[in-house]
Amino acid sequence: MFTDADEFSAPAALQLAGVSKSYGSGPAAVPALRNVSLAVPQGSFTAIMGPSGSGKSTLLQCAAGLDAPDQGRVLLGETEISRLRGKALTRFRRDHVGFVFQAYNLLPQLTVSRNVTLPLLLAGHATDAVWLEYVLESVGLGGFGERKPQELSGGQQQRAAIARALITRPAAVFADEPTGALDSGTARQVLDLLRHTVSELGQTVVMVTHDPVAAVAADTVVFLADGQLDGSLSGATVHEVTEHVAYLGER
Ligand SMILES: Nc1ncnc2c1ncn2[C@@H]1O[C@H](COP(=O)(O)OP(=O)(O)OP(=O)(O)O)[C@@H](O)[C@H]1O
């Protein structure tokens with residue numbers, strides 16, 4: 001499933017080949033990613049875990065085209081996003097990448113429907129009312145479209161954020177600690193929803209998390225230590241993931 005191959009092979013929703021990224025320059029440069037290669041199959045749910053500072057957010061940012069690698073290539077769908085710059089990159093991200101953040105990032109003055117369809121509006125695309133209704137139903141917010149975010153619970157706000165990420169039918173949804181601000185019951189519902197988007201909508205989801213309980217909701221957990229991949233587990237238990245995390249960087 002995950003490959004060190006330098007060449008891209010189909011069908012993968014996301015491929016990284018030899019991606020390296022440092023912050024700063026010269027002797028003060030901090031290497032955040034070192035020669036990371038992985039392939040994420042279409043319609044799969046992948047969790048990325050690792051200690052604080054291991055490069056998880058940098059990996060997500062490079063994979064989503066929010067940051068550019070210093071070396072290596074990133075392919076999202078059939079587009080090599082690591083070659084895109086400026087407006088072309090912004091347009092690609094807007095049309096083909098979904099984001100879910102820990103802090104929801106909904107606009108308080110807009111209704112749920114308006115928040116969810118904002119990416120379409122910004123891209124100048126018409127809203128397909130049937131698809132909007134389907135997405136809202138899928139995330140459990142059918143009938144909530146006219147509410148404002150502050151009239152929703154935290155879990156419902158995160159559901160709205162997930163609906164917003166899905167509305168453009170993106171090549172992949174990237175979620176950075178999406179359950180970090182939620183209690184365990186609500187977190188469970190959001191994880192089940194992400195799972196549902198993969199199994200029912202065929203969406204590809206890549207999620208950064210610190211939480212082994214959240215990680216095992218994914219098909220595969222990819223581990224990072226000190227900017228390098230350090231193994232992966234598929235279909236693992238919470239115990240197995242916790243054990244793997246405990247020995248990261250020591251194998
Ligand atoms: N903007 C930046 N400027 C300088 N160094 C940075 C910057 N962003 C990240 N780093 C460094 O790069 C390394 C990887 O950071 P990154 O945020 O990707 O790790 P992380 O695994 O997501 O950490 P956390 O779990 O704490 O969020 C760390 O050493 C960090 O200090």
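Reader: Which residues in α5 are buried?
Author: This is a predicted model, to begin with. In α5, the buried residues are Gly155, Gln156, Gln157, Gln158, Arg159, Ala160, Ala161, Ile162, Ala163, Arg164, Ala165 and Leu166. That makes 12 of its 13 residues, so the helix is mostly covered.

Reader: What covers the buried residues of α5?
Author: Several elements do. Among them are the strands β6 (97-101) and β7 (172-176). The helices α3 (112-123), α4 (129-138) and α6 (184-201) are also included.

Reader: And how far does α5 reach from its first C-alpha to its last?
Author: It spans residues 154-166 and reaches 19 Å. At 1.5 Å a residue, 18 Å is expected, and the value is close to that.

Reader: New topic. Which residues are around the ligand?
Author: Tyr23, Gly24, Val30, Ala32, Gly50, Ser52, Gly53, Ser54, Gly55, Lys56, Ser57 and Thr58.

Reader: How do they divide into nonpolar, polar and charged?
Author: Three are nonpolar, eight are polar and one is charged.

Reader: Which element gives the largest share of that shell?
Author: α1 does, with three residues. Both α1 (56-63) and β2 (30-41) supply at least two residues each.

Reader: Now the loops. Where does Tyr104 lie?
Author: Tyr104 sits in the loop between β6 and α3. Its phi is near 60°, a positive value in a residue other than glycine.

Reader: Why does Tyr104 count as buried?
Author: Count its neighbours. Tyr104 has 20 C-beta neighbours inside 10 Å, so it counts as buried. The cut-off is 20 or more.

Reader: What about phi of Glu177?
Author: That one is near 50°, again positive in a residue other than glycine. Glu177 lies in the loop between β7 and α6.

Reader: Is Glu177 buried or exposed?
Author: Glu177 is buried, because 20 other C-beta atoms lie within 10 Å.

Reader: Let's zoom out. How many helices and strands does the protein have?
Author: Eight helices and 10 strands.

Reader: What radius of gyration does the protein have?
Author: It is 18 Å. A compact globule with 251 residues would be near 18 Å, so the two agree. The C-alpha atoms fill a box of roughly 50 × 40 × 35 Å along the principal axes.

Reader: What percentage of the residues is buried?
Author: Buried residues make up 43% of the 251.

Reader: Last one. Of contacts between residues at least 6 apart in sequence, what share joins residues at least 24 apart?
Author: 67% of them do.

Definitions and conventions: Residues numbered from 1 in each chain as written. Predicted model: local features only at pLDDT ≥ 70, side-chain atom pairs only at ≥ 80, totals over all residues. Near = placed C-beta within 6 Å. Helix = DSSP H or I, 4+ residues; strand = E, 2+ residues; numbered from the N terminus. Nonpolar A, V, L, I, M, F, W, Y, C, P; charged D, E, K, R; others polar. Expected span 1.5 Å × (residues − 1). Contact = placed C-beta atoms within 7 Å. Rg over C-alpha atoms; globule rule 2.2 N^0.38 Å.
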